Amino acid sequence: MERLERDLEFYGVSRRDFLKYCASFAVLFGLSELEFTRRLAHAVEKAERKPPVIWLEGQDCAGCTVSFAGLLYPPVGAIILDKLSLRYHETLMASAGELAESVYHETVKEGGYVLVVEGSIPSSDDRFCLVGGRPFREIVLEASKNATCILAVGACASFGGIPKATVSKGMGVKDLVSGKPIINLPTCPVHPDHLVGTILYILTTGKLPELDDFNRPKMYYSQSIHDNCRRRGHFEAGNFLQDWNDPAQKDYCLFEKGCKGPMTYADCPIRRWNSGTNFCIDCGAPCVGCAEPGFYDEMSPIYTAESEASRKILALKKSGLI
Ligand code: SF4
Ligand code: SF4
């Protein structure tokens, strides 16, 4: 436990906070708190050679990078990330130009790294996304060859996201790469807990988490937003918010304001965002369905119930399935 003790001291994390953090993941992984902490400590101790990571950015807004950077606070997340060797990340790396590119090529040649992809890949014309003059499609194929697994972070890299609805017809990693384990971590942006939890799972168990039909870890994406929504009673009672400015309607269901919660699977209502502060629906905004493959096209228009997704939800409601 020596190295772990040193890390806790270095990052100014109390043992109590660390154990609390471990407990939240232990439940998800189906392990006792003691067993999880033991495995984590073991993973930290044996991290002689930090697992290398290459992080590529294609058709993205770097919002997933910002979400990931948020992990540096609280510092418990930083302890986990410190066990990784982030070799290449266009936004975060200090080096640039030939030096950065040579690190990338050396890492690809060595193999055995985790490949993280942020942003989608154009499917209509490679010229929509060139990095250093090379098509992003070519770079993703090259980097995936020697990767042990691929984490597609955010809606864009998972299913195409917003760029899928544009002329570039962005696609997700799974639409391009085959024969590699691919884990999709959609939502726009990626939830930092989903990312660190998935990395933790791999580090502490040595295997990939169980995935659903869309390659999302079941531990985060198995329940619908609707099932855990505190406005659900109003949905059942037919109390749908019409006027944002009427205080009497402030807790009403947001379906008629475009909420896609009934067909969106993610743990936002439980996990919440910004270190557990809040999430879209509790701020009075409809769920936009960013964890689903149909985001963005199928979910728009966002603020009315006229989208394809809303029509599907209505049909399910009429047939008594929700
Ligand atoms: S998923 Fe959202 S936050 Fe992430 S790169 Fe795409 S648009 Fe940006
Ligand atoms: S439709 Fe949206 S706001 Fe209404 S209960 Fe379902 S998830 Fe909550």
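Into which domains is the protein chain divided? I looked this up before anything else. The model I have open is a predicted one. The chain splits into domain 1, residues 49-220, and domain 2, residues 226-318.

**Entry: how the domains sit**

I took the centres over C-alpha atoms and found 28 Å between domain 1 and domain 2. Then I turned to the contacts. Domain 1 brings 21 residues into contact with 14 residues of domain 2.

I also looked up the area. The size of an interface is often given as the accessible area lost when the parts come together. Between domain 1 and domain 2, about 1400 Å² is buried. Carbon and sulfur atoms give 62% of that area.

How many salt bridges does the rule find across the interface of domain 1 and domain 2? I noted 2. I also looked at the pair Asp-193 and Arg-271. Their side chains meet in a salt bridge, with N to O at 3.1 Å.

Next I asked which helices supply the side of domain 1 that touches domain 2. Four helices each supply at least two residues there: H8 (154-159), H9 (161-164), H10 (192-205) and H11 (218-221). I sorted the residues of that side by class and got 13 nonpolar, 5 polar and 3 charged.

**Entry: the shell around ligand 1**

Which residues are around ligand 1? I listed Asp-60, Cys-61, Gly-63, Cys-64, Glu-118, Gly-154, Ala-155, Cys-156, Cys-188 and Pro-189. By class, I have 6 nonpolar, 2 polar and 2 charged residues in this shell.

I then traced the shell to its helices. Helix H4 (63-69) and H8 each supply at least two of its residues. H8 gives the most, with 3 residues. H8 was already in my notes, as one of the helices on the side of domain 1 that touches domain 2.

Where does the chain hold cis peptide bonds? I found one joining Phe-295 and Tyr-296, with omega about 25°. Tyr-296 lies in the loop between helix H13 (268-271) and helix H14 (308-318). The peptide bond from Ser-300 to Pro-301 is also cis, and its omega is near 5°. I place Pro-301 in the loop between H13 and H14.

I find Thr-187 in the loop between strand S9 (182-185) and H10.

How values were computed
Residues are numbered from 1 along each chain as its sequence is written. Chains are lettered from A and ligands numbered from 1 in the order in which they are written. This is a predicted model: local features need pLDDT of at least 70, side-chain atom pairs count only at pLDDT 80 or more; totals for chains, interfaces and linings use all residues. Side-chain values use heavy atoms; hydrogens and water are left out. Domain bounds come from an automatic or database domain assignment. Contact means heavy atoms within 4.5 Å. Buried area is the accessible area (1.4 Å probe) that two parts lose on being put together, summed over both. A salt bridge is a side-chain nitrogen of Lys or Arg within 4 Å of a carboxyl oxygen of Asp or Glu. Ala, Val, Leu, Ile, Met, Phe, Trp, Tyr, Cys and Pro count as nonpolar, Asp, Glu, Lys and Arg as charged, and the others, Gly among them, as polar. A residue is near a molecule or strand if one of its heavy atoms lies within 4 Å of it.
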